Amino acid sequence: MSSTKLEHVIIVGGGLGGLATALSFHYLFPRHNITAPRITIYERESTESGRINEGYTIAIRGDHVGGGVQALKTISQDLYNDIRNMAAPERDKNIAIQFSFGINCDINPMLKLNTSAEEDSFRIARFKLRNRLVEELKHFGESKIKLEWNSHVIKADYNKEKNKVDVELKDGRTNECDLLIVADGAHSSVRRYMYPEEKLNFQKCISLSCVTTIDDGESLPSPIRTSPLVGITGKGIGIFMATIDEKSFFWGVIYPSNEERPPPYKGSVMTKDEQDEFVNEVLTRTNGCLSNEFRSFVRKCDRERILILNSHDKFPHKNPSKKHIIFIGDALHPMNPTSGNGANMAIMDAVEFIQLLIKHHEKQDNYLITRSIDEFDRDHVQRSTDAIKISHRNMASAVATGLKFQLNKIIMRIVAFAINNPFLFKNNNNPPPIIQWSFNGNLNDTFGVYNGISTNGTIQYVSPSYRGDGMAVCFANKSYALIPYSLKLIGTSFTISTWIQLLSNVPLNSSEFGIFTHCESMTNNKCLYMTVRSGKLLFSFYINNFTGNSSLTNNIWYHVAYVYDRVALTQSVYLNGRLDGIFSSAGILQSNASQMWIGASPYTYMYPNPFAYMDEMIFVSRVKNTSEILDEATLVAYYKFDNSFLDSGPNNITNSTGTNVQFNATGRLLSVNNNWWSPMLGFDNSSHLMTQTWSGAIFYNVALTSFIVPLNIWTHVVATFSTTNGLRLFINGTMANSTSSTHSHAGSGTWNIISVGTCTPAAWCTNAETRIIPKQFRGKIDEMRIYSRELTDVEIQALANI
Ligand SMILES: Cc1cc2nc3c(=O)[nH]c(=O)nc-3n(C[C@H](O)[C@H](O)[C@H](O)COP(=O)(O)OP(=O)(O)OC[C@H]3O[C@@H](n4cnc5c(N)ncnc54)[C@H](O)[C@@H]3O)c2cc1C
């Protein structure tokens, strides 16, 4: 337990960032067995103000730039699902946004940007999102999170003697806390008090916006029936329109101005004359630029929901970490809505800061608050700086005229072409759902995108692979596969699994075998590498290093899997399908590397690589669950017999001839070839179902003696073997018989050839000692699975009940 107290936290501002912070504390801390602090949220406004003042919709983005989707999912998947269900109607999920240019651009979209397949971005009315977050607080009760409305904070500062932050409200109340989170928005009172020199920059644009509700029988403007629209008239006026629900939509018109507008900014506090003036102003400014249809909607706008925004922003200041105060969201880095990212940043700030507190808490850091704030400033603030720069570009192009307008049009066409053509620009679908390097004589990705280049010495291929056929890659000395493409791992979970065999030419305990590296620079959380170090699986983000428990040996094929869960913030390693180690305070991977390495890598000190084989490396941009990984490692083959003899298991073992699966002669159900032939499952001469193994000297067998398998009905049969439990035979999920002996099986550890329905060649199977008789199985076989491990009773019951 850290000696820094974290018992009471005050949050200034019950907006998106403040609410997300409170929820993150109470959802994420308990997941790490840490008691969340008591939280007080002070919110200046009253409960009712939302619907009027926050009528517009905001885009919650699932791409790696936005990140609001991932952050909400991190807080609570159920909460996210609910919010997602409240989203504005999506008419065409495949189109993220549309652009149009020139006069009447509001009715004339030209460019449509596709939605990336994995992106789950959506738009939602701000007040709906905020109300849902407020609702969620209620689960925890006021003793844990207290939201105080009509509470305007005016001052806050650190009190060194008490090691507390003192907070003062406009109505004279005071309070104190161990940590103050300032989330009071772009015009932050606390920032003004603490940093009077930190001024907002006026970006010389003003936006006039409102919400229009359509009458019965009327339709929403045609372009936004598909997706939101950004229009650039070329006459110094830009427009944005997006639906809120089936009957209403939000619109905003942006124009350049050297002067800031004075208040009033909100329709709800304007007089009727001021509201009418606003409408007339929009009509005048858009005259000759926008369509009559749009202008008729302007006339009908809901006057109470008028919003005038001077476009302000400010690059983030350094947080006063030693004072135990952190600014987040718009209070730290206000940005213009044209970047469409302020809400995403505020929610991400909340989640990422809480994750840092957890991390430092688990390290028993005596300065957990200061360190977490410092790390937040160092690693997380850059993204908001980038978003502000993007908003400057967006604003400039929205109001561009003349040559600049023409140039922007061309650039936008190129950008749209790039985004909509994944074959030309691979990053569009980045990270992809799957990458697969099968190493069958080359370093190509099965899906043709992330092909590798043999580098630093010739990569060789060996045969057979771990499956007994095909090829595996052999890395020696300094050789590696360079994958010269960026793979965007920021903000995503992933699993990388592969088969490896370490060769015996080097001692394991003093070597490092590189498996996969994605490294931007050798700094904390920017360098991902997976290796076998001193014989154990190592999973590192450069700082968050941990190894699995088991020691590997040379010359054996192992299945290894490395899993990063971006939501639970865990790193795990699996060996042969079993969890071998988990690190529960993983950092947030930040590597933006433009290439990857398989085998040795120039970034990590396992360079050069000793000799190792590798086969079938698979990347997926999600967490594989434990049963998937176990199947990948141990489900050797799975024949569904759905009109084919193909293996549907993870290995896709090819049926070499097909001739042995006709079931039309006399013979056995299943046999195994390994120099000698050993029938493993069939019937004895009393028609008893029997399973047997060969120890190298004698056959061991177990028969179903209590009854004969009935004719014409389906029976589920499982035979298992282990040196612990010997042979066991299960009928319809229940064990029917077993051997007590714990002999070994001579076919273990080598490749075996199986035949189903008969034993080929029959003469070889006619061994005097086998009790399974060499006759053809006559009947139906379905859903055959072969595992390289003994299944548990529970798993067998589950298979029998499918
Ligand atoms: C028209 C428009 C469209 C937008 N579209 C998008 C979009 O598409 N995507 C996107 O990501 N972002 C968008 N944004 C930006 C986004 O809404 C903000 O960036 C986001 O709400 C910031 O969250 P926050 O918690 O930092 O601040 P806010 O949500 O502004 O919350 C601050 C809260 O603090 C309260 N408060 C203020 N002062 C005090 C005080 N002294 N004491 C107590 N309480 C106080 C306020 O009442 C408010 O509730 C848009 C903004 C606008 C105006």
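Reply: Here is a walk around the ligand site.

This is a predicted model, where local features need pLDDT of at least 70, side-chain atom pairs count only at pLDDT 80 or more, and totals for chains, interfaces and linings use all residues. Residues are numbered from 1 along each chain as its sequence is written, and side-chain values use heavy atoms, with hydrogens and water left out.

The ligand is surrounded by 35 residues, each with a heavy atom within 4 Å of it. Gly17, Glu43, Ala59, Arg126 and Asp330 are the closest. By class, that shell holds 13 nonpolar, 14 polar and 8 charged residues (Ala, Val, Leu, Ile, Met, Phe, Trp, Tyr, Cys and Pro count as nonpolar, Asp, Glu, Lys and Arg as charged, and the others, Gly among them, as polar).

Now for some polar contacts, meaning pairs of N or O atoms within 3.5 Å. The side chain of Glu43 puts an N or O atom 2.6 Å from a ligand oxygen. At Gly17, a polar backbone atom is 2.7 Å from an oxygen of the ligand, while a backbone N or O atom of Asn341 is 3.4 Å from a ligand oxygen. On its own the ligand exposes 990 Å², and the protein buries 91% of that (accessible areas by the Shrake-Rupley method with a 1.4 Å probe).

Which elements give two or more residues to the shell? They are helix 1 (16–31), strand 3 (57–60), helix 5 (126–137) and helix 9 (342–362); helices (H or I, at least four residues) and strands (E, at least two) are DSSP runs, numbered from the N terminus. Helix 9 gives the most, with 4 residues.

How values were computed: A polar contact is a pair of N or O atoms within 3.5 Å; within protein, one must be able to donate a hydrogen and the other to accept it, and residues adjacent in sequence count only if both atoms are side-chain atoms.
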